[in-house]
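Hello,

Here is the structure I promised to pass on. Could you load it before reading further?

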Amino acid sequence: MTPPVRPRLLLLAAAAASFLLSLIQSIPVPVLPQIAQQLGADATTVGWVSTATLLAASACTPLLGRLGHVVGIKPVFIGTLIVTLVGSLIAATVQDVTWLIVARVLQGTSFGLFPLGMSLLRHELPPAKLTSGMATVASTLGVGGGVALVASGLLMQGDGDYRRIFWLCVAVTALALALAFTLPRRAGAGGRVDVLGAVVLSAGLVSLLLPISQGHTWGWTSARVLLLFTAAVVILVGFYLLERRTAAPLVSVEMLRHRPILVANLAAMAVGFAMFALQLSTSYFVQSPRAYTGFGFSATVLETSLVFLLPGAAASVVVGPLAGVLMGRIGPRNVLALACGLAAAGMASLTLLHDNRVETITAFVVASCAIAMAYAAMPALLVSHVQPAETGIANSVNSIMRTVGGTIGGALVITILAARTHSYGTLALPTENAFRLSYGIGAVIFAIGGLLVLLFIDRPARARAEEPVVAAPAPAVV
């Protein structure tokens, strides 16, 4: 007899896993200079501490989503957390940058936890609780990123050992793993995994993300960057053609072409882009020495974390449940469009109004809460247009699009801040216009995401009247 589902424990387990992957993604970013110094490595090598995780995530996420459908979600969920725990333990104990990069590859598998969690919720929660449950779990992605920036500032005080941040990852992973053992066990649907498709897709995504993340170091017009971009286009087109001819594809081509899914993925890319632009720009801006630049707040790392970043992370915690309630009234499509509009307004405000702390913190809080709303709305929007069997892979693709957008956003901000500087003696610092441009681009990208949702996804009433809820038939089971 199947044991009864405990919704609160189920939500807690899925939320802990989503929080973990967001924490893992963001927490080393502010600490990269300290890692380079403490390990005696150059900046280019240390950059792989971030890049390796993104590449592993792009390779593993679709495969784990499909595996969850075939063999069952719980064993794949637990196995992924075990691999993540091993990676976190290695990262917290090694003294060599090469082993740290290996550890970050293992941590990158955690990105597959989010689509697995969404599939679990869809299969286990009653319809009345599904939208609010997905909203709560998805919003922790934004919360985890904010908490990561705050935690890194707190843990690295007094020239602290960078390994402290990875011990935090160990603790959160262990907690998520303990919760995962309480999940209900359901047999998988069986069938086979499209291993060839997974390999080809991974190769294409790695070829795309690698030059994006390293372009500012290698040079955007360098031969290897252009070669990798060309390879990415060729491989991803090949993947599309391969999946069209595969009986049980890793990703349904018809699902990807379905307009609401396509637009939701483009919106995810916009949200990922603007979130990284917001967090990186604000972290650098508030630490700008006002005595030299005439702007910024000369904030210490601790002050940056507690005064400027923590309010946004704290406010985002309550947004998930509220977004779930709002979706019950106006639908996920309208909530996603509203979130993009609010985030665009917040970043536009930062472009123009950043002379005092109150207006800077307020705008950051508004944009952070809007990002949490957008994260909350996207899974519900996807679920309304795909079969239950496709929930995992649909959210996997959506997660990859957020990763691609975030990688582009982070790389673009770093490139802008490095290119637009002013020298103060021997010190070169980003100009105020560099920050304005970074915020302005983020605002435009958010606005475009919102417009795409409004223009190309029908309102709920029209969607029910004019097109089926399901994008494509479930993948064949062989």
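Where pLDDT is low, the predicted coordinates should not be read in detail.

This is a predicted model, in which local features need pLDDT of at least 70 and side-chain atom pairs count only at pLDDT 80 or more, while totals for chains, interfaces and linings use all residues. Residues are numbered from 1 along each chain as its sequence is written, and side-chain values use heavy atoms, with hydrogens and water left out.

The protein chain has a mean pLDDT of 85, with 94% of its residues at 70 or more. Confidence is lowest in helix H20 (residues 460-466), with a mean of 44, and highest in helix H5 (residues 73-93), at 95. Helices (H or I, at least four residues) and strands (E, at least two) are DSSP runs, numbered from the N terminus.

H4 (residues 48-71) has 24 residues and should span 34 Å, which agrees with the 33 Å between its end C-alpha atoms. H4 bends by about 35° at Cys60, with Pro62 following within four residues; the bend is the angle between axes fitted to the seven residues ending there and the seven starting there. Because 18 of its 24 residues are buried, H4 is largely enclosed by the rest of the structure. Gly72 follows H4 and has a positive phi, near 115°.

How many aromatic pairs does a search of the whole structure find? There are 7, counting Phe, Tyr and Trp (six-membered) rings with centres within 6.5 Å; planes under 30 degrees apart are stacked, over 60 edge-to-face, the rest tilted. Tyr292 and Tyr424 are edge-to-face, at 6.0 Å centre to centre and 65° between planes. Tyr292 lies in helix H14 and Tyr424 in strand S1, so this pair ties together parts 132 residues apart in sequence.

Notes
pLDDT is the predictor's confidence in each residue, from 0 to 100. The expected span of a helix is 1.5 Å times one less than its number of residues. Buried means under 20% relative accessible area, exposed over 50%, partly exposed in between (1.4 Å probe, protein chains only).
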